[in-house]
Amino acid sequence: MTSRAGQSFDLGRALSEVGELLTAPLPPTGPTEALGDPATGEWTATQGPGFRVVPLWEGDPMTGVYAPEWSDAEEAAEARLRSLAEELGHRWGPHTEVPLHGPLLRWQGGSAVDPLVEALFRQDLYGDLVVWGPLGTTGRRIALTLGRSDGDQPLVLAALVSDRAVAASDGSSPS
């Protein structure tokens, strides 16, 4: 569960929070740390060397949900990602897509992956990345992703900022 459980998706809020990531403090080195709400323990952010990942929206649990409602829920989550990406595209231009299936297979096989990618996987964010940047004079990259841990869990839309290239580490070009 994330700190966004039970909140409806608000495009304006999501845009604002993504924009805030451009100036968020990023640890230059150190371990990756998942942060939680002190009262509930729900995931609020993950940070590590040069990056920060935050949840923007969490859908409803899918327990007991079957087609066509299942497909509708997935399509609605993907539409949220697309609408946010479209608005960010108006600000920053075209994005690149960074597939994560290669690193996911390596990570599941016990191989090391980039700390940012591992942080995404530890939060069950397995969806491909939609990446902009480097942006402005900061050189930071912003990315969006959508994922869930298993079939019955809620879908989660998350954003990340990185002061380094965001790549799948499988030979694809860095963004």
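Which element gives the largest share of the lining of the largest pocket? Helix H2 does, with three residues.

## About the model

This is a predicted model, where local features need pLDDT of at least 70, side-chain atom pairs count only at pLDDT 80 or more, and totals for chains, interfaces and linings use all residues. Residues are numbered from 1 along each chain as its sequence is written, and side-chain values use heavy atoms, leaving out hydrogens and water.

## The largest pocket

The largest pocket holds about 210 Å³ of space. A pocket here is an open set of points on a 1 Å grid over the protein atoms alone, where a 1.4 Å probe fits, with protein on both sides within 12 Å along at least five of seven lines; lining residues have an atom within 4 Å of a point. Its volume is the space filled by probe spheres set on the points, which are joined across faces, edges and corners.

Among the 16 lining residues, Trp-57, Glu-58, Gly-59, Asp-60 and Arg-80 are the closest to the centre. Strand E3 (51–58) and helix H2 (69–92) each give two or more residues to this lining; helices (H or I, at least four residues) and strands (E, at least two) are DSSP runs, numbered from the N terminus.
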